[in-house]
Amino acid sequence: MTITIVGSGRVGASVALNCGLRELDDILLLDVIEGLPQGEAMDINHQLSELGIDCKVKGSNSYEDMDNSEFVVLVAGLGRKPGMTRMDLLNKNASIVKDVATKIATHANNAILVVVTNPLDPMTYLALQTTRFDKNRVIGMGGMLDLSRFKSFIHDATDCSRASIQAMVISEHGENMLPLLRFSSISGIPLNEFLSKGQSEKIFEKTKKVAAEVIALKGATVYAPGNAVATMIESIKKNKKEVIPVSAYLEGEYGISDLCIGVPVVLGSNGIEKIIELNLNEFERKIFDLGVTSVREAINLYNQK
Ligand code: NAI
């Protein structure tokens, strides 16, 4: 079996490297640019070779090569430039995602599909619509990355070990992201035992804005997204049942239907095995609903075309 990554740019290559380092499986990198996936594959193989890891990485420009993939990661498309929001990518990336998802449905009809292309929640929905895969098999990566950033700020503010931090980020992977201070802890001890209200508010805002800061400084976010995708694939492949926030298709959960948005789920060998419904307070619910409205508007926009 193979993990296929469609889109061998900065994030696609990082996904490949992270999956290889975890020895998850053989990897196929695909791209429309001739030579790019082949070059990335060679470079990653050379690193894995030195580490004694036997996963084989291959690069290709042909979708036929993805036949029988167990996982497909859809990370093809444009990234944000400094000053852009994720939603600014909607039109261009919707046509790429539709095209790629059609090919995935043809060549890897039994795969579990992890969507990464932004704007993440509308693109996850579009990939689900286009492939017609079961909803448990189309999973958007956004919250897992937001979570890495949230945890990093909690670590900075408390100086407690990163390994002791549990946290949760839900809602839209975008302007209405919702870091859940109330559902986060250090080894089960609520965050408000460690942080003042002012510190918590700062962390909340910084988590929402830090991706734009990285993009302004280096042009893209690369390593943390690659790791986040590999964590999700590992949980599914090893049936670990980790609780991870992902963009999932809702059918009544949180009172929302026919939409993909970030919620905590259990990830096991069937993909999304359970959606966990949190009892949100008024403040949290307001942001979650803003996220729902934003994602719904984006879906309506491209559906009208
Ligand atoms: P990049 O520009 O480095 O790579 C994108 C690659 O997609 C290019 O190599 C391009 O040739 C390829 N591509 C375009 N159309 C294709 C097609 N039809 N078939 C196959 N390949 C195709 O961009 P980067 O930085 O890797 O970002 C990729 C996407 O991931 C962007 O939309 C970005 O916003 C998103 N992203 C999402 C994150 C998340 O948390 N969900 C985190 C980071 C990036």
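Predicted model: local features only at pLDDT ≥ 70, side-chain atom pairs only at ≥ 80, totals over all residues.

Me: Is E251 buried, exposed or something in between, and what is its relative accessible area?
Reply: E251 is partly exposed, with a relative accessible area of 49%. Buried stands for under 20% relative accessible area and exposed for over 50%, with partly exposed in between, using a 1.4 Å probe and protein chains only.

Me: Ok, which residue forms a salt bridge with E251?
Reply: The partner is K135, and the closest N and O atoms of the two are 2.6 Å apart. K135 lies in the loop between helix 4 and strand 6 (138–140), while E251 lies in strand 12 (residues 242–251), so the pair ties together parts that are 116 residues apart in sequence. K135 is partly exposed, with a relative accessible area of 36%. A salt bridge here is a side-chain nitrogen of Lys or Arg within 4 Å of a carboxyl oxygen of Asp or Glu, and helices (H or I, at least four residues) and strands (E, at least two) are DSSP runs, numbered from the N terminus.

Me: Why do such side chains pair at all?
Reply: Side chains of opposite charge can pair when their charged atoms come close.

Me: How many salt bridges does the structure hold?
Reply: The structure holds 13 salt bridges. One of them joins K197 to E201, with the closest N and O atoms 3.1 Å apart. Both residues lie in helix 6 (residues 197–218), four residues apart, which is about one turn of the helix. K197 counts as exposed at 64% relative accessibility, whereas E201 counts as partly exposed at 42%.

Me: And what does K241 pair with?
Reply: K241 forms a salt bridge with E273, and their closest N and O atoms are 2.6 Å apart. This pair links distant parts of the chain, 32 residues apart, with K241 in the loop between helix 7 (223–237) and strand 12 and E273 in strand 14 (residues 271–275). There is also a network in which salt bridges that share partners join R22, E234 and K238.

Me: Let's switch to helix 4. Is it mostly covered or mostly open?
Reply: Helix 4 is mostly covered, since ten of its twelve residues are buried, among them L120, D121 and P122.

Me: Why does its length agree with what a helix should span?
Reply: Helix 4 (residues 120–131) has twelve residues, which at 1.5 Å a residue should span 16 Å, and its end C-alpha atoms are 16 Å apart, so the two agree. The expected span is 1.5 Å times one less than the number of residues in the helix.

Me: What comes just after helix 4?
Reply: Just after helix 4, R132 takes a positive phi of about 60 degrees. R132 sits in the loop between helix 4 and strand 6, and R132 is exposed, with a relative accessible area of 73%.

Me: And which residues does the cis peptide bond join?
Reply: The cis peptide bond joins N118 and P119, with omega at about -5 degrees, and P119 is found in the loop between strand 5 (112–115) and helix 4.

Me: Last topic: where is Y302, and is it buried or exposed?
Reply: Y302 is found in helix 8 (residues 282–303), and Y302 is buried, with a relative accessible area of 9%. The C-alpha atoms of Y302 and A230, which are 72 residues apart along the chain, are separated by 30 Å.

Conventions:
Residues numbered from 1 in each chain as written. Heavy atoms only, no water.
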